[in-house]
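The report below describes charged and aromatic side-chain contacts, and it should be read alongside the sequence and coordinates shown here.

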Amino acid sequence: MTTTEATEPTEALDDGFHVFDTTLRDGAQREGINLTVADKLTIARHLDDFGVGFIEGGWPGANPRDTEFFARARAEIDFKHAKLVAFGATRRAGGSAAQDPQVRALLESGAPVITLVAKSHDRHVELALRTTLEENLEMVRDTVSYLVGQGRRVFVDCEHFFDGYRADAEYAKSVVRAAHEAGADVVILCDTNGGMLPAQVTAVVATVLADTGARLGIHAQDDTGCAVANTLAAVDAGATHVQCTANGYGERVGNANLFPVVAALEIKYGRTVLPAGALAEMTRISHAIAEVVNLTPSTHQPYVGVSAFAHKAGLHASAIKVDPDLYQHIDPERVGNTMRMLVSDMAGRASIELKGKELGVELGGDRALIARVVERVKERELQGYTYEAADASFELLLRAEVEGRARKYFRTESWRAIVEDRPDGTHANEATVKLWAKGERIVATAEGNGPVNALDRALRVALERFYPQLAKFELIDYKVRILEGKHGTESTTRVLIATTDGTREWSTVGVAQNVIAASWQALEDAFTFGLLHAGVEPAE
């Protein structure tokens, strides 16, 4: 295959409506994201698995990384659903598209589709391009027609379109006409500054569609918090091409979020824009891409966030127990998510019963038992405990009430942690634990890079010969919060610890006036929960 040949996916989606993803270009402009070529290839595979129609890979020729990405994508990815798109600009003023090196780089990328950015705001033409309004139109015509003549499908992004329309509507529309008449398949109206509102978008898109006859798309930034709404407003007005980014990544506050847009189109509009079964993979794809870009997935993101179908209020839980649809706008499984019940001092009997079912602890409708658990939770939360983010600690509390006693794999006699401040500015951290396990008294000492790490290691030294499963446990997160208390350092401290065994993760909580004591509580629960779910029988 030559460098200018274009490749097509093996299974093309219906061309009547386009889902166009620009995570690899526009999304990569978010502060804190710095994608390697390997990262971009991985994300492209995820997006193709999800079933988007077009993946904009970057600007070949503008930087070596994007040029390498297109070369490797052609060789390494067999796209099943998506078409790869190269991004670039119209030719320079006063030149010709056939001789423009940047246009040549677009062809050499091998991408079957090319998106050209064109100026549609008169002031940007005159001040940024430093050319005339008519020459700008000729730049659009020449570049589009040349690329179409080279066998490429061409989309045109009209940059700053809505602001340009407000300044000079006729000129903005003339750019759309020039692109359309030159052979562009779609002309995209870009809210580059992100300042539009849905009603404004609907009115402008409807007018431009009627006045130009072009097939229109929408590219919305989220500066007013309306990017998803503006995208759907454009669809309402007749746009049949939506440009989005995974998880809403993008410059400043971001772009229209791919996942709420496609979920709304599929579920609320009844429009098929993804391959069969793809919507159920949405939560997995969202989180997988977040891992690649090294950003924590947003817990409160619509549809795919872990809190998207989480219920806390007792009133909600009572209704959900009767019918989950009473407080959920969709079945979370449709987008690959799950319903969660949160346990807090707002919990009622229904919340506890549903949470028990979620955790695999059957309460059997025992009203007295459930009432005891409710009171226990409220009492503990008054002391500073929280179970919303510590399911493992709540499950241990629940099982203790159900079984009449707490699960115990060891009994603590005492522990201590020592931090030594040395003259050279370094610190030594040492912990000693005295425990009873399986009828034997154990004293163990260990050092660590901090007092909590030293306690964790000492606990393992003491118990691993009795419980070898502990070797798989790893502390992966540690959070401390100072709660309202008497004053200053006498305040109550809450510690949350996340642990994994390589297969699952669990979170535990501890509360005390001493941060080390709170940490010890959370560590005890973490070890106890892990051993319980490893199938180990309790035995002191």
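## Salt bridges and aromatic pairs

The model is a predicted one. Because Glu68 and Arg72 are four residues apart in helix α2, about one helical turn separates them. Glu68 is partly exposed, with a relative accessible area of 37%, and Arg72 also counts as partly exposed, at 29% relative accessibility.

Across the whole structure, the search finds 26 salt bridges. One of them joins the side chains of Arg153 and Asp185, at 2.5 Å from N to O. Arg153 belongs to strand β5 (residues 153–159), whereas Asp185 sits in the loop between α7 (169–182) and β6 (186–191), so this pair ties together parts that are 32 residues apart in sequence. Arg153 is buried, with a relative accessible area of 16%, while Asp185 is partly exposed at 33%. Both residues also belong to a network of salt bridges that links Asp15, Arg153, Asp185 and Arg215.

A further salt bridge is formed by Arg441 and Glu413, with the closest N and O atoms 2.9 Å apart. This pair links distant parts of the chain, since Arg441 is in strand β13 (residues 440–448) and Glu413 in strand β11, 28 residues apart. Arg441 counts as partly exposed at 41% relative accessibility, and Glu413 is partly exposed at 38%.

Turning to the aromatic side chains, the count comes to 13 aromatic pairs. Two of them are set out here.

| Pair | Geometry | Centre to centre | Angle between planes |
|---|---|---|---|
| Trp59 and Phe87 | edge-to-face | 5.2 Å | 75 degrees |
| Tyr409 and Tyr467 | edge-to-face | 5.7 Å | 90 degrees |

Tyr409 lies in the loop between α15 (391–403) and β11, and Tyr467 in the loop between α16 (451–463) and β14 (474–482), so their pairing ties together parts that are 58 residues apart in sequence. Both Tyr409 and Tyr467 are buried. In the other pair, Trp59 is partly exposed, with a relative accessible area of 26%, whereas Phe87 is buried, at 5%. Elsewhere, ring pairs link Phe473, Trp506, Phe527 and Phe529 into a cluster.

On the surface, Glu420, Asp421, Asp424, Glu430 and Glu447 gather in a patch of negative charge. Of these residues, Asp424 is found in the loop between β11 (411–421) and β12 (427–437). Asp424 counts as exposed because its relative accessibility is 59%, and the cut-off for that class is over 50%.

Notes
Residues numbered from 1 in each chain as written. Predicted model: local features only at pLDDT ≥ 70, side-chain atom pairs only at ≥ 80, totals over all residues. Heavy atoms only, no water. Patch = residues over 30% accessible without salt bridge, like charges linked within 9 Å, V, L, I, M, F, W, Y side chains within 5 Å. Areas by Shrake-Rupley, 256 points an atom, 1.4 Å probe, with all protein chains shown as cover. Salt bridge = Lys/Arg side-chain N within 4 Å of Asp/Glu carboxyl O. Lys, Arg positive; Asp, Glu negative; His and termini not counted. Charge placed at Lys NZ, Arg CZ, Asp CG, Glu CD. Helix = DSSP H or I, 4+ residues; strand = E, 2+ residues; numbered from the N terminus. Buried < 20%, exposed > 50% of the residue type's maximum accessible area, 1.4 Å probe, protein only. Phe/Tyr/Trp six-rings, centres within 6.5 Å; stacked < 30°, edge-to-face > 60°.
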